[in-house]
Amino acid sequence: MFMADLGTSLDAVQYLNLDVMATAELWTVPSDGYPELLQIGENQSNGQPFLDAQHPHSSPLMGLTLSDSFRLADDKSNLKLFFAPRGESTDGPIAFMHRVTGMVDPDAPLGHHVGQDVGHISSTVLGASLKLGGFHIEASTFNGTEPEPTQVDLPLGALNSYAVRAIGEFTPEFTAMASYAYVADPEPADPTVASVGRYSASVYLNLPLDDHWWFHDSLIYGLITNLDHSPQLSSVCEEFLFNTSDFRLYSRIEVLQRTPNELEIGGLPNPDQGRWVAAFTVGMSHSLVKWDGWDLIFGAQATNDQLPEEYQAAYAGNPLTYQFYFQWGGMQMDLL
């Protein structure tokens, strides 16, 4: 992933900004997605659903947002207007690749499509954000059809959906938010789904423990209606992170509903009724090399999935998976 943030002040109260987020996932992950048990969502280029795998994100452009912000007071109160051919609708928690506790885990959360941060890649977003002290209210209208992750395109569509989100920054260490979205025609290939509703609530804690260590915690609830022919499905995600500038110890605990049809498990009654599954992940990563703002990181993590008895035959019980990985990243800032 690559992110660029370009901005300029037009006068003492106005700031114009262009955000670009790009990725090469379409060409750098396997055609059937990268392995992640119990993960579902979207279809491969051959029309088959991604199953037990995370789909690539829209490549090369994940996001392209132009915003214009106006300062309202000296306490950082402001009004922001924005347009994104592809960008974030104003619903869901902080997207996993942007929140401190989510970006350290190389896997996408299993609840990504279950009322959480699926809206982070939406089409034709037009919105506004009003910040008054520590309180934000955000609203947007957008096209509800989800982008196809295997296509290289930037389609524009009718503004047929909307989302609202309220954010409270109660202290510098504690933030909470809640959102709702009405999404029309999310999957045109499935005419039986005219719309879905997405709900979310989340809280975030960021505490310095001493001069070197920080503690971060995110608790997220998501709910979606009419997804995959199920009246409603819920998800809960708890992430924590202990970190210094060089070392990170993290965990992700997820409890969510998956239907037999989503996981392609046949022969069960009520195949569109969600059953509760869980995934417990613990991991660590350490910086190996730092150079001029760039960082080479080595990490390892293990995940134990807990499944209802009727799912266990398809997954050989409650599987334990592990992985080792390298990450390379960094940030540069220039003032022109």
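Analyst: The model is predicted, and its largest cavity has a volume of about 180 Å³. One cavity of 30 Å³ or more is counted. The lining of the largest cavity consists of 21 residues. Those nearest the centre of the cavity are E42, V118, I121, E146 and P147. By class, the 21 residues are seven nonpolar, 11 polar and three charged.

Which strands contribute to the lining of the second largest pocket, with at least two residues each? They are β3 (34–43), β4 (49–54), β11 (195–208) and β12 (214–227). The largest share comes from β3, with four residues.

Aromatic rings are a separate topic. The model has 11 aromatic pairs. One of them is formed by W294 and W328, which are stacked at 4.8 Å centre to centre with 15 degrees between the planes. W294 belongs to strand β16 (residues 294–306) and W328 to strand β17 (residues 320–330), so the pair joins distant parts of the chain, 34 residues apart. W294 is partly exposed, at a relative accessible area of 28%, whereas W328 is exposed, at 62%. Elsewhere, ring pairs join Y162, Y180, Y182 and Y199 into a cluster.

Conventions
Residues are numbered from 1 along each chain as its sequence is written. This is a predicted model: local features need pLDDT of at least 70, side-chain atom pairs count only at pLDDT 80 or more; totals for chains, interfaces and linings use all residues. Side-chain values use heavy atoms; hydrogens and water are left out. On a 1 Å grid over the protein atoms alone, a cavity is a set of points where a 1.4 Å probe fits but cannot get out, and a pocket is an open set with protein on both sides within 12 Å along at least five of seven lines; lining residues have an atom within 4 Å of a point. Grid points are joined across faces, edges and corners, and a volume is the space filled by probe spheres set on the points. Ala, Val, Leu, Ile, Met, Phe, Trp, Tyr, Cys and Pro count as nonpolar, Asp, Glu, Lys and Arg as charged, and the others, Gly among them, as polar. Rings of Phe, Tyr and Trp (its six-membered ring) pair if their centres lie within 6.5 Å; planes under 30 degrees apart count as stacked, over 60 as edge-to-face and the rest as tilted. Buried means under 20% relative accessible area, exposed over 50%, partly exposed in between (1.4 Å probe, protein chains only).
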